[in-house]
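Trainee: Could we go through this model together, starting with overall shape and then moving to the contacts?

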Amino acid sequence: MPEQFIFGIEVFLNGLMAGVLYALVALGFVLIYKASGIFNYAQGVMALFAAMTLVGIMDGQVPFSHLINAIFGTDVHHFGWHLPGLVGILLTMLVMIALALIVQKVIFKHLVGQEPIILFMATIGLAYFMEGLGDLMWGADIKKLNVGLPQGINIWIDETTYNIFDYGFFIDNLDIVATIIAVILVAVLVAFSQYTKQGRAMRAVADDHQAALSVGVSLNFIWIMVWSVAGFVALVAGVVWGTKSGVQFSLSLIALKALPVLMLGGFTSIPGAIVGGLIIGVGEKLFEFAIGPLIGGATENWFAYVLALIFLVFRPQGLFGEKIIERV
Amino acid sequence: MKKTFITAAVAGLLAAAPAMAELTFTALSYRTGPYAANGIPFADGYQDYFTLLNERDGGIGGEKVNLLECETGYNTEKGVECYEATKGQGALVYQPLSTGITYQLIPKATADGIPVHSMGYGRTSAKNGEVFRNIFNYPANYWDGASVAIKHLLDVNDGSLEGKKIALVYHNSAYGKEPIRTLEEAAKKHGFELSLLPVDHPGQEQKSQWLQIRREKPDFVLMWGWGVMNQVAIQEAVNIRFPMENFIGIWWSGSENDVLPAGDKANGYKALTFHNVGMDFPVFDDIQKHVVDSGKAAGAGDQIGTALYNRGLYAAMLAAEAAKTAQEIHGVAAITPAQMRDGMENLVIDEPKMASLGLPGFGPSFSVSCQNHGGDGMVAVSQWDASAKSWGLITEFAQSDQDILNPLIDEDSAAFAAENAITPGCN
């Protein structure tokens with residue numbers, strides 16, 4: 001088998017894995033857009049905030065310690081505990097639910113019925129506020145996140161492919177775990193929206209706010225729930241990406257990776273986010289592999305958007321998005 | 001009456017302010033934004049050194065130091081705004097702390113007659129002081145870094161890189177592309193094969209580049225990275241089991257922030273540096289006594305002794321020594337920016353001076369002149385010890401290959417002079 005073809009298979013597999021990571025971020029956008037029509041600019045910052053909170057809680061860091069020490073002249077930094085990852089994740093989830101509650105009560109409750117652009121602008125404000133809040137609570141240093149996820153080359157795949165192709169494929173254990181997590185997450189989200197009372201209410205709100213209100217669905221409750229679920233998805237994305245690069249401010253920029261996925265997969269489809277992620281991941285990696293060296297490399301960022309634009313021309317609503325029909 | 005009194009009091013305070021702080025230094029820092037984790041330690045080191053001079057020595061030459069810190073968020077536009085907002089306050093020298101901001105300030109500061117010190121960043125050919133009259137980039141620049149990296153690889157390969165493969169993983173920006181010319185020239189001279197692997201900003205996803213490295217099996221990897229790109233690259237190198245001792249980063253890829261996320265497996269990673277590392281220098285005792293213990297440490301006071309804190313401290317020390325030189329040349333304590341420029345152009349740093357400052361062996365000896373605003377290009381290699389969580393120098397400060405670099409600097413600075421109708425010279 002030609003060497004380049006074997007390398008291409010390895011690149012393809014790694015593209016699939018990268019796509020899953022992009023899809024994890026895109027899922028949060030989809031959930032909120034589907035239920036409330038809000039394009040949540042703050043989704044990337046939510047992932048950062050969740051990951052910072054997780055590390056802070058696990059390491060027993062005193063939130064706002066720099067501020068407290070500056071005001072009161074104290075010298076407190078740590079509570080002195082170190083919590084296991086699972087406990088940290090559960091406590092962080094409680095923080096994300098509290099955040100959802102505050103976001104709904106303080107911001108979006110007052111913006112019901114406003115134009116989508118107003119809601120979008122509100123999420124921009126929320127993003128910048130949360131960036132500052134995260135820094136103030138937990139500090140700007142780069143934090144190591146260790147919740148026990150494995151990292152590094154998968155030896156079994158390396159050896160098995162070596163025996164077949166005389167070349168061992170590189171697949172990162174973290175990517176494999178992320179894929180499993182994403183599959184479980186999507187299955188749970190789909191089951192939740194299809195088979196639970198709250199899930200059906202969420203879909204009703206997504207279809208028509210007024211109609212849902214008229215049959216007794218609480219818009220307030222549904223939006224809090226959706227922001228909480230999006231917070232959970234942000235936490236999962238933050239854990240995976242934070243394990244990869246350390247928890248730091250740049251985590252908020254992973255949202256840039258989700259945008260072409262959303263353009264391609266549609267803003268309202270959970271399976272669309274996954275399929276879109278896979279197409280973007282594979283497409284950008286194969287393009288970089290095959291064409292990148294001929295044109296100087298570093299093609300992935302822009303090629304993802306070109307790919308999404310091509311799809312957009314033929315299906316403006318995205319691959320799985322709902323077709324927009326407006327009657328006059 | 002009360003209002004008049006308050007107005008008079010405020011006016012009196014404002015009028016009195018310059019008299020209380022005669023020497024104004026400016027730090028264009030970034031304590032917020034994506035690169036805050038790197039900006040904070042540098043800014044803390046820069047500030048703490050001037051605080052030390054004020055507290056211990058009463059300032060520089062009897063004049064207190066006034067440090068103006070302006071937040072840029074590592075954003076070029078904000079950096080220029082900071083410059084415009086502070087230049088009228090008597091700033092003696094600017095440390096832009098960003099290659100992008102430096103490029104913007106080169107014409108502005110030159111026109112305003114204010115010197116700029118882009119230490120270890122910015123436009124490399126600014127070393128030619130006959131063209132870049134107000135810009136200084138001592139003690140070393142990116143081309144020096146690239147050259148000394150190759151020199152180190154020659155040392156560990158018995159003097160020959162013939163037939164070896166070296167890959168450069170770089171931030172796909174003007175900064176990241178800086179070493180390419182030097183490395184291409186070095187490849188011709190030493191017979192190694194150079195491959196270039198650009199990484200787009202911010203660099204969170206580098207799988208393609210590291211799969212390519214795994215396929216092509218270069219003997220050594222050099223990195224010109226910044227921010228999250230560094231942490232991801234080191235982690236990916238760990239993932240593909242690339243030998244860490246064969247992986248060398250430029251000084252902006254050599255902080256604790258870059259290696260700690262990868263844990264023990266980052267052990268052995270190397271980084272170039274133009275100053276020493278750690279806290280084993282007498283000046284740190286003084287900082288503890290006069291700055292930390294008196295509650296005047298910058299920021300949270302938790303960065304002292306880190307690689308980037310030391311760089312900020314070193315930059316402040318060089319600024320202070322240039323101010324002292326200017327005071328000696330002109331015989332006045334309250335110097336002007338033009339006099340500060342003279343001080344920078346006549347700066348001599350030698351070991352006795354470093355020892356007297358409590359910094360023996362902290363940096364290389366070098367001198368600045370009209371022709372040479374970049375020092376002697378002395379760079380050392382440091383290595384990360386993951387178990388001790390500390391950097392250590394593994395080489396002496398070595399000079400870059402001037403045979404390769406000088407023609408490149410002459411060529412680039414001549415092009416700049418032609419574009420900007422500058423007649424090179426020292427008058």
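**Shape and contacts**

Mentor: This is a predicted model, in which local features need pLDDT of at least 70, side-chain atom pairs count only at pLDDT 80 or more, and totals for chains, interfaces and linings use all residues. Residues are numbered from 1 along each chain as its sequence is written, with chains lettered from A and ligands numbered from 1 in the order in which they are written. Chain B has a radius of gyration of 22 Å (over C-alpha atoms; the globule rule is 2.2 Å times the number of residues to the power 0.38), which agrees with the value near 22 Å for a compact globule of 427 residues.

Trainee: What does the C-alpha trace of chain B span along its principal axes?

Mentor: About 80 × 50 × 40 Å.

Trainee: Which domains does the assignment give for chain B?

Mentor: Domain 1 covers 19-140 + 280-376 + 408-419 and domain 2 covers 142-273, bounds that come from an automatic or database domain assignment. Their centres, taken over C-alpha atoms, are separated by 28 Å, and the contact (C-beta atoms, placed from the backbone, within 7 Å) takes 12 residues from domain 1 of chain B and 16 residues from domain 2 of chain B.

Trainee: Changing topic, how many residues of chain A are in contact with chain B?

Mentor: 33 residues of chain A are in contact with 33 residues of chain B.

Trainee: And which element of chain A gives the most to that side?

Mentor: α1(A) does, with five residues, where helices are DSSP runs (H or I, at least four residues) numbered from the N terminus.

Terms used: Contact = placed C-beta atoms within 7 Å. Helix = DSSP H or I, 4+ residues; strand = E, 2+ residues; numbered from the N terminus.
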